[in-house]
Amino acid sequence: LMENKTFNVNFDKQCVTGIIDEPLETVKQAAFFILNTPRFEYLIYSSDYGHEFNDLIGKEKEYADGEIRRMLEECLKADERIMSVKDLEIKKDKENYMLNFTVHSIYGEFDMSREVMTANGI
């Protein structure tokens with residue numbers, strides 16, 4: 001099981017402000033980083049780490065509609081502390097999707113959002 005202690009990243013100030021050792025908070029931060037790291041782009045991470053949303057750029061909406069849920073669940077569930085993604089709400093417009101969902105972890109649940117771009121050149 002992954003350790004429940006990590007650096008506390010203050011996203012507003014863009015700096016590390018200490019250590020987090022509260023289990024649910026460490027999972028929240030891990031989920032944030034997973035959803036903001038493209039899979040296979042950085043050698044420091046394993047091939048299981050990160051998302052593949054960039055594969056949706058330029059694809060037909062029907063394809064993206066079918067893949068977005070699978071991609072979201074697959075990338076988050078690579079963290080063994082995350083059990084499932086629930087209550088996924090997808091709002092889409094011409095060029096992107098806004099995902100709102102609840103992450104169910106072994107330490108509790110929390111809500112997240114993620115924008116996924118599908119237009120070429122974005």
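Start by colouring the chain by burial: of its 122 residues, 34% are buried. Keep in mind as you look around that this is a predicted model.

**Stop one: the whole fold.** Select the protein chain and colour it by secondary structure. Trace the chain along its sequence and the order reads β-β-α-α-β-β-β. The radius of gyration is 15 Å, close to the 14 Å that the globule rule gives for 122 residues, so the chain is as compact as a globular protein of that length. Along its principal axes, the C-alpha trace spans about 40 × 30 × 30 Å.

**Stop two: the surface.** The protein chain exposes about 7500 Å², with carbon and sulfur atoms supplying 49% of it. Next, colour the charged side chains: there are 15 positive and 24 negative ones. How far apart do the centres of the two sets lie? They are 2 Å apart.

**Stop three: contacts.** Show contacts between residues at least 6 apart in sequence; 38% of these join residues at least 24 apart.

Select residues 96-105, which are strand E4, and residues 108-117, which are strand E5. The two strands pair in the antiparallel sense over 10 bridges. Then pick Tyr97 and look across to E5, where its bridge partner is Val116. While you are here, follow the side chains along a strand: in a regular strand they alternate between the two faces of the sheet.

Conventions
Residues are numbered from 1 along each chain as its sequence is written. This is a predicted model: local features need pLDDT of at least 70, side-chain atom pairs count only at pLDDT 80 or more; totals for chains, interfaces and linings use all residues. Side-chain values use heavy atoms; hydrogens and water are left out. Helices (H or I, at least four residues) and strands (E, at least two) are DSSP runs, numbered from the N terminus. The radius of gyration is taken over C-alpha atoms; the globule rule is 2.2 Å times the number of residues to the power 0.38. Buried means under 20% relative accessible area, exposed over 50%, partly exposed in between (1.4 Å probe, protein chains only). Contact means heavy atoms within 4.5 Å. Accessible areas come from the Shrake-Rupley method with a 1.4 Å probe; for residues, only the protein chains shown count as cover. Lys and Arg count as positive and Asp and Glu as negative; His and the chain ends are not counted. The place of a charge is taken as NZ of Lys, CZ of Arg, CG of Asp or CD of Glu. Two strands pair if DSSP finds at least two bridges between them.
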